[in-house]
Amino acid sequence: MQESPAPNEHETVGAYALGILDDAEATAFESHLAGCEWCAQQLDELAGMEPMLAALADLPGTGTPSLGESLSAKPTPRVVEKLVDEVAERRAKKRRRNFYMVAAAGALIVSGPFVAVAANGGSDGGGGGGTGTNRTLSADPAKDLFDQIPDKLTATDPDTKVSVTVASQKKDWGTGLVAQITNVKGDQKCAMIVVGKNGERETATSWSIPEWGYGLPDATTDKAKLPLHVQGGVSFDPDEIDSYEFVTFDGEKLVEVDA
């Protein structure tokens with residue numbers, strides 16, 4: 001491994017990067033640079049120091065001269081070293097920040113599916129269902145919860161042929177809901193609206209139906225034959241709910257389930 005050069009050569013790297021060497025000094029340094037890997041690496045690290053030159057204009061006694069004028073009052077080696085150290089520290093912080101961002105993104109990718117399972121599969125504030133710690137979950141946590149909840153209501157619209165089964169579960173904060181939807185075609189966006197006995201309406205959840213649809217018995221693909229399960233909740237208590245409306249964002253009612 002090549003040894004680090006003497007401190008004066010290090011300062012020359014900084015001065016060269018700042019462009020404050022005279023012709024003779026610059027020529028001498030370039031000759032040294034041709035055979036010094038360490039200085040070449042340092043110069044590469046200090047590339048792009050132009051923004052730091054603006055700091056020279058703010059140094060005591062320099063006033064507010066132009067960039068060229070500020071360079072004519074060559075800073076001392078101590079000032080050069082300070083600028084070099086500051087740039088090096090900023091670059092180090094940037095590398096550390098980028099490393100932490102990549103690490104955090106990796107952690108989210110790894111933990112994301114498990115967080116979704118825990119959030120959707122567990123019981124909260126009363127009602128049926130398990131804790132999600134003593135059973136095997138499928139790839140669809142909403143379906144797992146739907147299967148656990150015994151209180152279900154079903155309706156099929158005679159015109160749209162869309163069929164929905166709503167599973168409701170009393171919570172401390174209101175009512176947890178999971179709906180199983182079949183015979184619905186895409187491409188469209190939909191929402192589940194809960195209507196209270198007092199006439200108030202709350203949106204429990206919304207979702208997009210892909211072009212292939214869900215729960216279509218005559219579908220040519222398995223994914224289009226499977227029903228869709230969506231999960232949501234409202235502030236109403238179960239005995240305060242009058243009905244559940246499933247509508248498109250265009251205002252079309254797909255099906256209504258009476259509570």
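The dialogue below takes several terms in turn and sets each value against its cut-off.

Author: Please bear in mind that this is a predicted model.

Reader: Why is Glu 245 called buried?

Author: The relative accessible area of Glu 245 is 10%. Buried means under 20%, so Glu 245 is buried.

Reader: What makes the contact between Glu 245 and Arg 201 a salt bridge?

Author: The N to O distance between the side chains of Glu 245 and Arg 201 is 2.7 Å. The definition asks for a side-chain nitrogen of Lys or Arg within 4 Å of a carboxyl oxygen of Asp or Glu, and therefore the pair counts as a salt bridge. Side chains of opposite charge can pair when their charged atoms come close.

Reader: Which parts of the chain does this pair tie together?

Author: Glu 245 lies in strand β7, residues 241-248, and Arg 201 in strand β5, residues 201-209. The pair therefore ties together parts that are 44 residues apart in sequence.

Reader: How do you know that Glu 245 also forms a salt bridge with Lys 253?

Author: The closest N and O atoms of Glu 245 and Lys 253 are 3.8 Å apart. The cut-off is within 4 Å, so this pair too is a salt bridge. Lys 253 forms a salt bridge with Glu 256 as well, with the closest N and O atoms 3.0 Å apart.

Reader: Why are Lys 253 and Glu 256 called partly exposed?

Author: Lys 253 has a relative accessible area of 37%, and Glu 256 has 31%. Salt bridges that share partners join Arg 201, Glu 245, Lys 253 and Glu 256 into one network. A search of the whole structure finds five salt bridges.

Reader: What makes strand β6 largely enclosed by the rest of the structure?

Author: Strand β6 spans residues 228-234, and five of its seven residues are buried, so the strand is largely enclosed. Strand β6 pairs with strand β3, residues 174-182, in the antiparallel sense over seven bridges. Within this pairing, Val 234 of β6 is the bridge partner of Thr 175.

Reader: Why is Gln 148 called partly exposed?

Author: Gln 148, in helix α7, has 21% relative accessibility. Buried requires a value under 20%, so Gln 148 counts as partly exposed.

Note on methods: Residues numbered from 1 in each chain as written. Predicted model: local features only at pLDDT ≥ 70, side-chain atom pairs only at ≥ 80, totals over all residues. Heavy atoms only, no water. Buried < 20%, exposed > 50% of the residue type's maximum accessible area, 1.4 Å probe, protein only. Helix = DSSP H or I, 4+ residues; strand = E, 2+ residues; numbered from the N terminus. Pairing = 2+ DSSP bridges.
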